[in-house]
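Here is my note on this model. Please read it with the structure open.

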Amino acid sequence: MLPLLVDVQNAHTRFYEEHFTRLASLLGMTAIAAGEAADLIEEALYASLHRPRVNTEQWLIAAVSAAVTDTEESK
Amino acid sequence: VTRDGETPRLDGDRAGRFAAMRRQMEFERKAAPLIVETLLVETPREEWGALAAHPDLVNHGALHHLNFLFERMLPRDPEYAHDVAQLAVRIAEYIPVDGPYPRPIVSQMRAHAWKDLGKYQRFKGRYRESEATLRLAEAMVVGRKALSHDLAIIRFNLAVTLQELDRFGESLVLLSECKAIFRRHGDTTNAMLVAFAEGVLLQLMTRYREAREAYLLIVATTPDLDDEQLAALNNTIGLCSIELGEWDVAADAFDYAATLFSELDQPINALIVETGRGRLYVRSGQFSAGIAHLRPIRRQFLAHGLHEEAGLAGLEIVEGLLGLQNHSAAETLTRKLVREFELAQLNKRAVQALAHLTTILEARTASAPNVRHIREYIDSLRTNPERDFFLTA
């Protein structure tokens, strides 16, 4: 891969890692398993890609919170 | 932090796959405008259906740009917008569920493409079709847990369609849910638009105090309102205040709206505000002042060729004349309005409603609520030209 593309790829990876870590720490006590929570965080991260102009931070927190609540209530 | 006491674990492979997808989608969005618009120009409209399988179009970027084109073209050339929406639906359905995109994104792409088609159907007044299409779009995201924001966008559209079908209660529930979701997601633009739609609906339901609260809340909680939005909001606040009998509040709101529209150099909107002020005079019992205020406004609407606005201002005058017990002048003016509407070839239902008003004025059985009802009916024909007329007031 060309150096510039490696930089871009690294920036996207950092985006994932930073948001994933922050969202995981923000989830608080949930009634779902860690693996399931990880899947929900990832689904929200992917969903945010479809709406590139959103306020990413708040958008992701809201999306993940709603997803976790939904999952807890369905149990 | 979870049920099993562990923190969700970061997986390096997953991070790599996500990074690649994010890069790909950014690239697609950058490339799409040129690719999409070139293909649309080079392909005859009747052959656009075949583009759905074009390898350069079956991607997120193309759908993103088609959505942009749809939004831009809907008010300018609805049939072009329809063909764009139809192509987007075909492309979205052509993208495989287990293909290059993760499932949430496939659901989003499909749902938003169908949503645009539902918006077009509503724009054309095909409300039942619009509801069916939007329900289809809704079903594509409703089970996906992280897509609550997408669901809110689709349900906001559904709420507006339901409003056109006179299903006000259902619409109001949806709007309230959507507003909460948009606020949680920090989407202030959509939150403001929903709040405004909520206010309009509450006004239609004659729940004027709640409608005014909704508008006042927008003014208080939306820091980036522009002057045009602020003026429009103040005009509606004034109209609600008339219905609540709060004349001073109405007058202040109209003053502010009129000043803003004048500063924005929007004379027609300023005239619409002055029509509201004329209504304020009539409803507060200042019939002669109201008539004197409304007559020049009506003439200015006519001078601009705005026959419908002139007719609505004329009906405010008719109500004032009834207040003065001048039935014969009210009847004469209404006959004039019928002729103006006929000459301008306005909606036949509006003409029929006005003709009905002439009949009851002639029989001396017309009341101010009758006039208001007919004015509201004619106003509603602008958004729903097929609405039936029932004299209920």
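1. Basis. This is a predicted model: local features need pLDDT of at least 70, side-chain atom pairs count only at pLDDT 80 or more, and totals for chains, interfaces and linings use all residues. Residues are numbered from 1 along each chain as its sequence is written, chains are lettered from A and ligands numbered from 1 in the order written, and side-chain values use heavy atoms, without hydrogens or water.

2. Fold of chain B. Chain B has 17 helices and zero strands (DSSP runs: H or I of at least four residues for helices, E of at least two for strands). The C-alpha trace spans about 80 × 55 × 40 Å along its principal axes.

3. Packing. Chain B has 393 residues, and 51% of them count as buried (under 20% relative accessible area, 1.4 Å probe, protein chains only). Among contacts in chain B with a separation of 6 or more, 58% join residues 24 or more positions apart (contact: heavy atoms within 4.5 Å).

4. Interface. Chain A gives 45 residues to the contact and chain B gives 42. The two chains bury about 3,900 Å² between them, 62% of it on carbon and sulfur atoms (accessible area lost on being put together, 1.4 Å probe, summed over both parts). In chain A, A:His12, A:Tyr46 and A:His50 lose the most area to chain B, together 18% of what that side buries.

5. Salt bridges. Four link chain A and chain B (side-chain nitrogen of Lys or Arg within 4 Å of a carboxyl oxygen of Asp or Glu). B:Arg14 pairs with A:Glu42 in a salt bridge, at 3.8 Å from N to O.

Note on methods: Buried means under 20% relative accessible area, exposed over 50%, partly exposed in between (1.4 Å probe, protein chains only).
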